[in-house]
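Please keep the sequence and the structure in view while reading.

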Amino acid sequence: MTDRKMTEHVQQLMARTGSLMAPILPKRWRADIPVVPVVRLTGIIGFSTPLRPGLTLSSIARALDRAFGLRRARAVALAINSPGGSAVQSHFIFQRIRQLAAEKGIPVIGFVEDVAASGGYMIACAADEIVCDPSSIVGSIGVIGASFGFQDAMKKLGIERRIYTAGEHKSSLDPFLPENPDDVERLKGIQKQIHGSFIALVKARRGAKLAGPEKTLFSGEYWGGDEAIEYGLVDRLGDVRSVLRERFGKDVRMPLISSERGLFGRRVQGINSRGDFWSHSGLAEEIVSAVEARAIWARFGL
């Protein structure tokens, strides 16, 4: 028997053996069972504290790599629940998803849970198809910045502000100084630029699906699931399990791909926003962070 015939014989034997063994093998070992890994993208984007890790590229990069690298993956599902946050981190995550999808040739399906607003919707746009619940909140395609003014309170308390800078605009938008119209105009110019980039991204990803006047779509307003479909911001209603079983069959495997965990079960992070590794913080910082996070979610009634 020639080497070629021997190879063909072995391949046929292995194929017959696989067919006989398939019914008794666990589903996770069967090559004929479709697999769609699910990656959860939850939290305020770019907003992290030691006890409340937020959603950043460094926190979910490993999970994305594992999901797109999974053998026999037919698609990758994103379970998105985010009110937004950092424009930069939102774009980083969007880009990584699109890069991996192009490299692996795998379609991406985004599933909106409670909310995909602002940066959360930017991430949803990384999906080739966006699915939401009728009660999901979608949109808020805009840019926001907020601060406080304490100058009058300081006068009443008899506190004198002393600040020393090198650079004409180094102290711009200082909350302890009176508001300077030039500083506000400069900030709004930056926001307009970021907003324009956001709009261009949405148009590029959603294309002809978008419906309705741009003045409405890109006003920063947000909508429920049914209206989001009418405006072309999402494609259909549904949930992860129902849609994936409908698309890939009732036996589809949907493994949840989470970030790697450390010795005590906490997510392994990269570096934080201060540029160093996680360290312990005081109670005051945690309270302030919790209040800020609560305020961001509360904008959407959550």
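## Basis of the model

The model is predicted, so local features need pLDDT of at least 70 and side-chain atom pairs count only at pLDDT 80 or more, whereas totals for chains, interfaces and linings use all residues. Residues are numbered from 1 along each chain as its sequence is written, and side-chain values use heavy atoms, with hydrogens and water left out.

The predictor's confidence in each residue is given as pLDDT, from 0 to 100. Its mean over the protein is 80, and 70% of the residues reach 70 or more. Over residues 262-281 pLDDT stays under 50; the model has 31 contacts beyond four places in sequence for this segment. A contact means heavy atoms within 4.5 Å.

## Overall architecture

The protein contains ten helices and eight strands. These are DSSP runs numbered from the N terminus: helices are H or I with at least four residues, strands E with at least two. Among contacts with a separation of 6 or more, 72% are between residues 24 or more positions apart.

Of the 302 residues, 35% count as buried. Buried means under 20% relative accessible area, exposed over 50%, and partly exposed in between (1.4 Å probe, protein chains only). The protein exposes about 17900 Å², with carbon and sulfur atoms supplying 56% of this area. Accessible areas come from the Shrake-Rupley method with a 1.4 Å probe; for residues, only the protein chains shown count as cover.

## Glu-129 in strand β4

Glu-129 lies in strand β4, which spans residues 129-132. Because its relative accessibility is 17%, Glu-129 counts as buried.

The side chains of Glu-129 and Arg-247 are joined by a polar contact of 3.1 Å. Such a contact is a pair of N or O atoms within 3.5 Å; within protein, one must be able to donate a hydrogen and the other to accept it, and residues adjacent in sequence count only if both atoms are side-chain atoms. Beyond its neighbours within four places in sequence, Glu-129 is in contact with Val-108, Ile-109, Gly-110, Asp-235, Arg-236 and Arg-247.

Helix α6 covers residues 181-206 and includes Ile-190. Ile-190 counts as partly exposed because its relative accessibility is 45%. Gly-196 is also placed in helix α6 and is partly exposed, with a relative accessible area of 35%. Gly-196 and Val-143 are 53 residues apart in sequence, and their C-alpha atoms are 9.7 Å apart in space.

Val-143, Ile-190 and Ile-194 together form a nonpolar surface patch with about 220 Å² of accessible area. Patches are made of residues with over 30% relative accessible area and no salt bridge; like charges are joined within 9 Å, and nonpolar side chains (Val, Leu, Ile, Met, Phe, Trp, Tyr) within 5 Å. A salt bridge is a side-chain nitrogen of Lys or Arg within 4 Å of a carboxyl oxygen of Asp or Glu.
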